[in-house]
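Please find below a set of numbered remarks on the structure shown here.

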Amino acid sequence: MGFVGDTQKIDGGSGSGDKGGCFMGGMKSLVRRKQVDSANSKSSPASGSAHQLAKALTIPHLISIGVGSTIGAGVYILVGTVAREHSGPALTISFLIAGIAAALSAFCYAELASRCPSAGSAYHYSYICVGEGVAWLIGWALVLEYTIGGSAVARGISPNLAMLFGSPDSLPYFLARHTIPGLNVTVDPCAAILVFLVTGLLCVGIKESTMVQGFVTAVNVCVMAFVIVVGGYLGYKAGWPGYELPVGYFPFGVDGMLAGASTVFFAYIGFDSVASTAEEVKNPQRDLPMGIGFALSICCSLYMLVSAVIVGLVPYYAMDPDTPISSAFASHGINWAAYIITIGACTSLCSTLMGSILPQPRILMAMARDGLLPSFFSDVNKRTQVPVKGTVATGLLSGTLAFFMNVEQLSGMVSVGTLLAFTMVAISVLILRYVPPDEVPLPSSFQEAIDSVSLRRSGCSSSSSDIDVESTKITAVTSGDSTPLLVEVSVGHPFVEKAAVKLSYLVRQRRKVAGWTIMFVCVGVCVVTSAASIASLSNPARYALSGIGGLLLLSGLIVLTCIDQDDARHNFGHTGGFTCPFVPLLPIACILINVYLLINLGGATWARVSIWLVIGACIYALYGRTHSSLKSAVYVPATHVDEIYQTSANSLA
């Protein structure tokens, strides 16, 4: 039997004549998924080869991007704040636990980045594994994250630069902050100028900008090495007074240490910038996982060593929450160290600024390639091979915000985009392993090849009925598996025929069971984390919700552990790269941690983010849904794609 009936054109609801048809078409648009990266999709005429980025990055470049985007100036403040309020001397363990939690997301990112090495990061993975609606919200949230993140970082540079000149008011007049009379608005020319300089550098080329970021990051790492070496020497001479406390190593208990880990977790959320450059990596299957892994390992090691030294130099309760490292050195008579530490803070902010602006044009480019945004953002400069138009637009927006607004009160919105992306990447790994897409969208330009293959298969099926029935094979195609399961049966054996049909049915049901189980796991995570986080709940309600959510979560974990993963995962995207270990336990733990942190960001943050997401939903409904490249796509079984591409290539030849 052919597969004409299995193909379907998705019209996004525009072709329906009634409200019900429009509604169903709109719902279909939310769940339509694009084709996973492959050699075929890259070489197809509709792949957008005119919009490809330069293949210029290697492992050292990726490490510099990851470390530079992750280690911001916050570490120079976090050490004092978290030690005083949460962890005490156990701050090092808090950084370790947070690093392990971040590594769970890094494992998921590493597999998806090596399998789907295209621009777009979590937006791209969500579009392939979950659907267009969720992918749009993830991409829209990431745009918010990088815009506000870049502006906030830029606003933090000028005070640190001023400290190098002696006082907060010592910057030159044209760089210093000024308050506009009557408007109560403080403008920051230095922040805007730095954003525009970084934007210009990013327009020159990915390799050139990454080399500059690597140099700036190296200066920051050297400053942290200075803190570790010199601080370690001072602590050794003084006998580590910060650790000789009557309250012990855990003055706030284990709960305080875990609360500190939740706070410092956000010091690790820059490594997703590495995944956003996947399309520009020379050997993504090898380099992307190693770049993400090395960057995260370096950051975690530096964080732990710096925190171990500083909390040993000064008792945690005596730390200055604003300048903990400088004051710790000053307490041991080394006042000049403040200048070196300020240089480290400035270089780390500049590197983080580059890491904040770099991914956003690539997110916008990926969304424009898919038709969800105007094609303006998908243009790639022929000489520099970077999305110059998107980069300039990003720089103008971030620079304007940095000039006019103090966005510190909006900084929590940055974490929402990151945690949503981390959560969706973990869910995408579960989908990839258990229910990878079994239908592939092809452009309507392949319709002739699709019809040809359909007729060929239909002809083979009809001719096979005239062949000797003793050698007839009944083919049960497992939905989503890479190869069909062939069960040779004789027409004269009805029991064997029924067994073959039941086997095919059970295999198809396995996908349904896995899909529903993944959904129940997500529901269980939301229930458990809500019960643990909502303070207004009474104890009986909290225990009841925790029991229900825990049951769903544990049952889902057991079911996914017991059933087989889909064989199609072996051929999903580019093979030969990194494989996430401990599935399904690791992705589920990642989802649990990130959702817990999301819920605890606070109502004010979610109110602001909700406004942004509603705006994004309106843009998608009015523009993205009707301009999507999948609007007229033809969906065919994944097992037939190679034959269709071959037929199309032969017809063109």
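1. A crossing of two helices is called left-handed if the near helix is turned anticlockwise from the far one by less than a right angle, and right-handed if it is turned clockwise. By this convention, α5 passes α10 in a right-handed crossing. Helices (DSSP runs of H or I, at least four residues) and strands (runs of E, at least two) are numbered from the N terminus.

2. The model is a predicted one, in which local features need pLDDT of at least 70 and side-chain atom pairs count only at pLDDT 80 or more, while totals for chains, interfaces and linings use all residues. Residues are numbered from 1 along each chain as its sequence is written, and side-chain values use heavy atoms, with hydrogens and water left out.

3. The chain as a whole comes next. The chain contains 23 helices and six strands. Of its 653 residues, 51% are buried, where buried means under 20% relative accessible area, exposed over 50%, and partly exposed in between (1.4 Å probe, protein chains only). Contact means heavy atoms within 4.5 Å. Among the contacts in the chain with a separation of 6 or more, 84% are between residues 24 or more positions apart.

4. How do α5 and α10 pack? Helix α5 (residues 91–115) and α10 have axes 8 Å apart, at an angle of about 55°. The two helices are therefore oblique to each other; angles under 35 degrees count as roughly parallel, over 145 as roughly antiparallel, 65 to 115 as roughly perpendicular and the rest as oblique. Axes are lines fitted to C-alpha atoms, for helices over the stretch in contact, and angles run from 0 to 180 degrees between N-to-C directions. To recall the handedness, α5 passes α10 in a right-handed crossing. On the α5 side the contact is made by I93, S94, F95, I97 and A98, and on the α10 side by M257, L258, G260, A261 and V264. These residues comprise eight nonpolar, two polar and no charged. For this count, Ala, Val, Leu, Ile, Met, Phe, Trp, Tyr, Cys and Pro are nonpolar, Asp, Glu, Lys and Arg are charged, and the others, Gly among them, are polar.

5. Beyond residues up to four places away in sequence, T263 touches L78, V82 and H86. T263 and L78 are 185 residues apart in sequence, yet their C-alpha atoms are 8.6 Å apart in space. A polar atom of the T263 side chain also lies 3.1 Å from the backbone oxygen of A259.

6. The crossing of α17 past α21 is left-handed. The residues in contact include V416, L419 and F422 in α17, and P587, I588 and I591 in α21. By class, the residues of this contact divide into 15 nonpolar, two polar and no charged.

7. Is R32 buried or exposed? R32 is buried, with a relative accessible area of 2%, and its place is in the loop between α1 (19–31) and α2 (39–43). The side chains of R32 and E132 are joined by a polar contact of 3.0 Å. A polar contact is a pair of N or O atoms within 3.5 Å; within protein, one must be able to donate a hydrogen and the other to accept it, and residues adjacent in sequence count only if both atoms are side-chain atoms. The R32 side chain also has a polar atom 2.8 Å from the backbone oxygen of R625.

8. T391, in helix α16 (residues 388–404), is buried as well, with a relative accessible area of 1%. Its side chain reaches the backbone oxygen of P387 at 2.8 Å.

9. Finally, some backbone angles call for attention. Most residues other than glycine have a negative phi, and most peptide bonds are trans. S121, in the loop between α5 and α6 (122–129), has a positive phi near 55°. Q385, in the loop between α15 (359–369) and α16, likewise has a positive phi near 55°. V583 and P584 are joined by a cis peptide bond, with omega about 15°.
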